[in-house]
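This report covers a surface patch and a sheet with the helices packed on it. The sequence and model come first.

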Amino acid sequence: MRKKLIYLAAFLVYVSAILSIQWFESQSPDSNIKTIGDAFWYAIVTLTTVGYGDFYPVTLPGKIIGLLVIVGSLGILGFLIGEITVRFNQYMEKKKSGFWGTDFENHYVIIGWNEFAQKVANQIIHAGQKVAFVTNSKTDLDLIADLYSSKDVFSLFADYSNIEAYQKVNVSLSKRVFVNFESDSETLVFVINLKKQYPMANVVVRCANPSLKETFLNAGIDHVIAQNEVASKLVASYLFEPHVATYTEDLIATSVSDEDSDIQQYLITEECQFAGADYMDAFLKLKVDFNAILIGLVQDGKIIKNPVKGTNVQINNYLILISSGDSKKALEKFFGVKEGE
């Protein structure tokens, strides 16, 4: 409030000086500043440092006040430039911190940044999807900006406990939310609060303690990944069937090059040729036309592995298949949707 009063007082002094110039100059027959408009034009030209020279004071009082106006104009100009610079920097800082939010929809949200989150995001982005990060470290914002394009990634700096802030990453419009905290207890408390605010959010978490998996599922989490379980299964596979393990690791990663293979899922829409078709017909067409191998079907949220002949493919089902990177664009064009959910 005090700062505003100082600005108001300075403005009134400046305007009074301009009016005083007009009053003194209007008394002289040699003056070219006759009206208030002339005086303000002189002040504006002086303020902007244009200096046309069409209006200028000729009386001694007018010159003295004019000198004050010139000095004051320099101060005002410096103040204006400084304020614009400060406000621009504040705007850019807020934009960098994600203050204004994002318009992403059908994207993925990763809460908690570290090397593991980066690897998860790489897979999602390579699949042509968008990711919104939430981090409580401003240092992470610079790193994320260096790693990814702004059209694919949005970053928000926020206190993890500020659940309302997640509106800025459109949690309610996202496909999945991955909570990536180191502590299982921290993850559990956070998810409970998140589901209270966003009950429809599809949440995925990783937990260090496999015995807590049921606890997480009972808290309303859609998918719980016990890291040690996944790692132990893969290690055992490498010991027992190393070639199978190598192929498995390749399949669960998003294909980057044309030679890579991965497991994909595609939604069956009303426009899709497979809607209402027999599973085996879909299997043969995908193999012949796209060199893709159909391995499963998702109906009503349940996975049917290697369905038998006579299984009907319905609208809103997902087909799960294996294909190489060079077939992905053709498959997405055929299905009319991007891979994924």
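## Nonpolar patch

Met1, Leu5, Leu8, Phe11 and Leu12 make a nonpolar surface patch of about 570 Å². Patch residues have over 30% relative accessible area and no salt bridge, with nonpolar side chains (Val, Leu, Ile, Met, Phe, Trp, Tyr) joined within 5 Å and like charges within 9 Å. A salt bridge is a side-chain nitrogen of Lys or Arg within 4 Å of a carboxyl oxygen of Asp or Glu. Areas come from the Shrake-Rupley method with a 1.4 Å probe, and for residues only the protein chains shown count as cover.

Met1 lies in the segment before α1 (2–25). Its relative accessible area is 74%, so Met1 is exposed (exposed is over 50%, buried under 20%, partly exposed in between).

## Basis of the model

This is a predicted model, in which local features need pLDDT of at least 70 and side-chain atom pairs pLDDT 80 or more, while totals for chains, interfaces and linings use all residues. Residues are numbered from 1 along each chain as its sequence is written, and side-chain values use heavy atoms, without hydrogens and water.

## Sheet and helices

An open antiparallel sheet has four strands in the order β7-β10-β8-β9. Strands are DSSP runs of E (at least two residues) and helices of H or I (at least four), numbered from the N terminus; pairing needs at least two DSSP bridges. β7 (261–267) and β9 (302–305) are the edge strands, each pairing on one side only.

β8 (residues 293–299) pairs with β9 over four bridges, antiparallel. Gly296 has Lys305 in β9 as its bridge partner. Helix α9 (residues 242–251) packs on the sheet and touches β7 and β10 (318–324), its direction making about 45 degrees with that of β7. Helix α10 (residues 279–290) also packs there, touching β8 and β10, at about 140 degrees to the direction of β8. Contact means heavy atoms within 4.5 Å; axes are lines fitted to C-alpha atoms, for helices over the stretch in contact, with angles from 0 to 180 degrees between N-to-C directions.

Key:
Buried < 20%, exposed > 50% of the residue type's maximum accessible area, 1.4 Å probe, protein only.
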